[in-house]
Amino acid sequence: MFIRTSFALVVALTCLFGVSGCGAPQGPHIRFAQATSAQLQSAQNEEVVWYEFHAGDEVPMVFVLRGIVEADAPQAISLRATRDFQVVVFQDGRQFFSFDGRHLFQGELGKFGLFLTSNEGRPMTGVMLFIGQREDMPAELR
């Protein structure tokens, strides 16, 4: 259950997002970092669920890349929220971000960079994934 929920969260966080004109749909709000297995299980029956993240919340995250490159982290890493936000999940699979609890965003809210370098003479790669509003994007990803 946790791996499936974590993978769904990873998918939600790795999608590229842009602004949606729809208003805020009604549904339960669950603070993800403090959720119990029972809360997460019962949320799967809801039409819409707002998973809340508060600045400083930390949750384990399974890191997975698929496509022209593949990577699986050998163990969960710690995901730490740097600001308050919500991941809004619809039962039909649609997922959005909300930064104010009223507006949903989808499309241009993410960008990644692949870094190629070496460490002690051996090739090394790094991936930087930015999710947030354009004005907060690090200069090296603009």
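**Figure 1. Lining of the largest pocket.** Ala, Val, Leu, Ile, Met, Phe, Trp, Tyr, Cys and Pro count as nonpolar, Asp, Glu, Lys and Arg as charged, and the others, Gly among them, as polar. By these classes, 15 nonpolar, five polar and three charged residues make up the lining of the largest pocket. The model is predicted: local features need pLDDT of at least 70 and side-chain atom pairs pLDDT 80 or more, whereas totals for chains, interfaces and linings use all residues. Residues are numbered from 1 along each chain as its sequence is written, and side-chain values use heavy atoms, with hydrogens and water left out.

**Figure 2. Space and elements of the largest pocket.** The largest pocket holds about 650 Å³ of space. Its 23 lining residues include Leu 79, Arg 80, Thr 82, Leu 129 and Ile 131, the closest to its centre. Helix H1 (2-14), strand S6 (77-80) and strand S10 (122-131) are the elements that give two or more residues to the lining. S10 gives the most, with five residues. A pocket is an open set of points on a 1 Å grid over the protein atoms alone, where a 1.4 Å probe fits, with protein on both sides within 12 Å along at least five of seven lines; lining residues have an atom within 4 Å of a point. Points are joined across faces, edges and corners, and the volume is the space filled by probe spheres set on them. Helices (H or I, at least four residues) and strands (E, at least two) are DSSP runs, numbered from the N terminus.

**Figure 3. Two nonpolar cores.** A nonpolar core is a set of buried Ala, Val, Leu, Ile, Met, Phe, Trp, Tyr and Cys residues joined through side-chain atoms within 4.5 Å. Buried means under 20% relative accessible area, exposed over 50%, and partly exposed in between (1.4 Å probe, protein chains only). The largest core has 16 residues, and Phe 32, Tyr 51, Phe 53 and Phe 85 have the most contacts inside it. Helix H2 (37-43) and strands S2 (48-53), S3 (58-61) and S7 (85-90) each supply at least two of its residues. S2 provides the largest share, three residues. Another core, of six residues, lies apart from it and includes Val 48, Trp 50, Phe 90 and Leu 104.

**Figure 4. Strand S3 and its partner.** Val 59 and Met 61 form the covered face of S3, while Glu 58 and Pro 60 form the uncovered one. S3 and S6 run antiparallel and are joined by four bridges; strands pair if DSSP finds at least two bridges between them. Val 59 stands opposite Leu 79 in S6.
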